Amino acid sequence: MKITGKKILTSLIGAAALCVTAVNAQTLSSNATGTNNGFYYTFWKDSGSASMTLQSGGRYTSQWTSNTNNWVGGKGWNPGTSSRVVSYSGNYGVSNSQNSYLAFYGWTRSPLIEYYIIESYGSYNPASCSGGTDYGSFTSDGATYNVRRCLRTQQPSIDGTQTFYQYFSVRNPKKGFGNISGTITFANHANFWASKGLNLGNHDYQVLATEGYQSTGSSDITVSAGTSGGGSSSSAPSGSKTIVVRARGAAGGESISLKVNNTVVQTWTLSTTMTNYTATTSLSGGSLVEYTNDSGSRDVQVDYISVNGSIRQSEAQTYNTGVYQNGACGGGNGLSEWMHCNGAIGYGNL
C-alpha cells in the first residue's frame, strides 16, 4: 500500500444539529477497517499525522502533512466485485508538487493482487514504476488508460508482508486538482487486464481511495455505486456503439434523451453532479442530446459525448436549439454546452 519512487429556539436547534454532526463524524488516526453509514472503510498509515474522518453516506475527508511517510484510505465495499460501476465527486486538495493518488483501489487473493485505477496524481506517475511492464492502453468512460504491472517484493499487504503484483490503469490525461468528479466502469479495466494475462483473484475490499507519500494534502470525497458506465472500445460488440453522455443539471431532475437517427436510445434524469451516462446502440445516423422538461430553474449542461471512447466536445456541436441567446431559445449561434430551454444539441452522424 505504498507509492513507490485511502434565532433563541432556532439557535438551539442549530446547535443541536451541529452536535449531532460532530457525534456522527468519526475521525481515524490509527489503522482501522470497518463499516460506516452503509460503506466499508479502510485507513492505513505507517507513520505521521495523517487522519481520515468518516462523514455521512459514502463521504470521507482526509488530511496529511509531510511528517507522514505513507498513508492510504477511503470508502467503498467489501467484498469487491469486477462488475462494479463507481461514481465519485468532491475535492482533491493536492498539487503537481505533492506525491499523492486519487484512485479506485482494492485487493484480491489467489492471486494476491493490489490494483489501482488512477484518476489523478501529483508528482509521481505510477506508470513509471521501476522495473514494471507496460501492457498498452484502452478507452473507458471517455478517457484513455495506460496499463502497467509492477512487482512489490516483501512489502505490506492485506496478508502481512508479502511479494505480490500491482496492476495500474492510469488515466491519460489525469484529472485535475480541486473540485473533481467522475465515473469508473471497473469491468472495462478487469477485462482488459485479463486479456493481457493480468488476472484478478477473489475480491477483498475495494474503495475510492486517497493516498499520500511524504507529501501534504487533503481530500473530501463522496463515493457511490453508479447505475451505468462508459464503454471500452476494446470490448464493444461488433457493429455496436457505446455512447457516453457526460452531463449535469443545474437544479436536478432535468430529463435528457440520447437520439440516433431520430430514435430515442435512452433517457436519463440528471443530478447536479457531472456524471457519465451510457447507452449502447447499433443505430447509425444523426446523433443528438435532447432536453425535454424545462421548468423554472432547470438547465442542462452537456460536457461531451463519446462514441466508443472517441470524444466529441459540445463546443464542436453542429447546432444547439436549447441555448438562450439574443433574447430567444435557439436564437444564437450555439456552440454552448448549456441548454436553457427545451431543445437539443446535435453532434453529427454516427
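Ala, Val, Leu, Ile, Met, Phe, Trp, Tyr, Cys and Pro count as nonpolar here, Asp, Glu, Lys and Arg as charged, and the others, Gly among them, as polar. Keep that in mind for the linings.

A word on the source. This is a predicted model, where local features need pLDDT of at least 70 and side-chain atom pairs count only at pLDDT 80 or more, while totals for chains, interfaces and linings use all residues. Residues are numbered from 1 along each chain as its sequence is written, and side-chain values use heavy atoms, with hydrogens and water left out.

Let's start with the largest pocket. A pocket is an open set of points on a 1 Å grid over the protein atoms alone, with protein on both sides within 12 Å along at least five of seven lines; a cavity is a set where a 1.4 Å probe fits but cannot get out; lining residues have an atom within 4 Å of a point. Grid points are joined across faces, edges and corners, and a volume is the space filled by probe spheres set on the points.

The largest pocket has a volume of about 180 Å³. Its lining is Ser 89, Gly 90, Lys 175, Gly 176, Asn 179, Ile 180, Ser 181 and Arg 246. By class, that is one nonpolar, five polar and two charged. Strand β13 gives the largest share, three residues.

Strands here are DSSP runs of E, at least two residues; helices are runs of H or I, at least four; both are numbered from the N terminus. Two strands pair if DSSP finds at least two bridges between them. β7 and β13 pair antiparallel over eight bridges, with Tyr 92 opposite Gly 178 in β13. β7 also pairs antiparallel with β15 (residues 217-225), over eight bridges. There, Gly 90 faces Ile 221.

Now the largest cavity. Its volume is about 50 Å³. Among its lining residues are Glu 119, Asp 141, Arg 171, Lys 175 and Arg 246. The lining splits into three nonpolar, three polar and five charged.

On to the cores. A nonpolar core is a set of buried Ala, Val, Leu, Ile, Met, Phe, Trp, Tyr and Cys residues joined through side-chain atoms within 4.5 Å. Buried means under 20% relative accessible area, exposed over 50%, partly exposed in between, with a 1.4 Å probe and protein chains only.

The largest core has 38 residues; Met 52, Leu 102, Phe 104, Trp 193, Leu 200 and Leu 208 have the most contacts inside it. Helix α2 (residues 186-195) gives the most to this core, four residues. Apart from it lies another core of 21 residues, including Tyr 40 and Cys 129. Which residues of α2 are buried? Phe 186, Asn 188, His 189, Ala 190, Phe 192 and Trp 193. After α2 comes Gly 197, with a positive phi near 85°.

Last, a sheet. Five strands form an open, antiparallel sheet in the order β18-β17-β20-β27-β23. β18 (263-269) and β23 (319-320) each have a single partner strand, so one side of each is left without a neighbour in the sheet. β23 pairs with β27 (residues 343-349) over two bridges. Asn 320 stands opposite Ile 345.

Asn 320 also touches Trp 338, as do Arg 248 and Val 323 among others; contact means heavy atoms within 4.5 Å. Trp 338 sits in β26 (residues 338-339). Trp 338 counts as partly exposed because its relative accessibility is 24%. Val 300 is 38 residues from Trp 338 in sequence, yet 5.6 Å away, C-alpha to C-alpha.

Notes:
Lists of a residue's contacts leave out its neighbours within four places in sequence.
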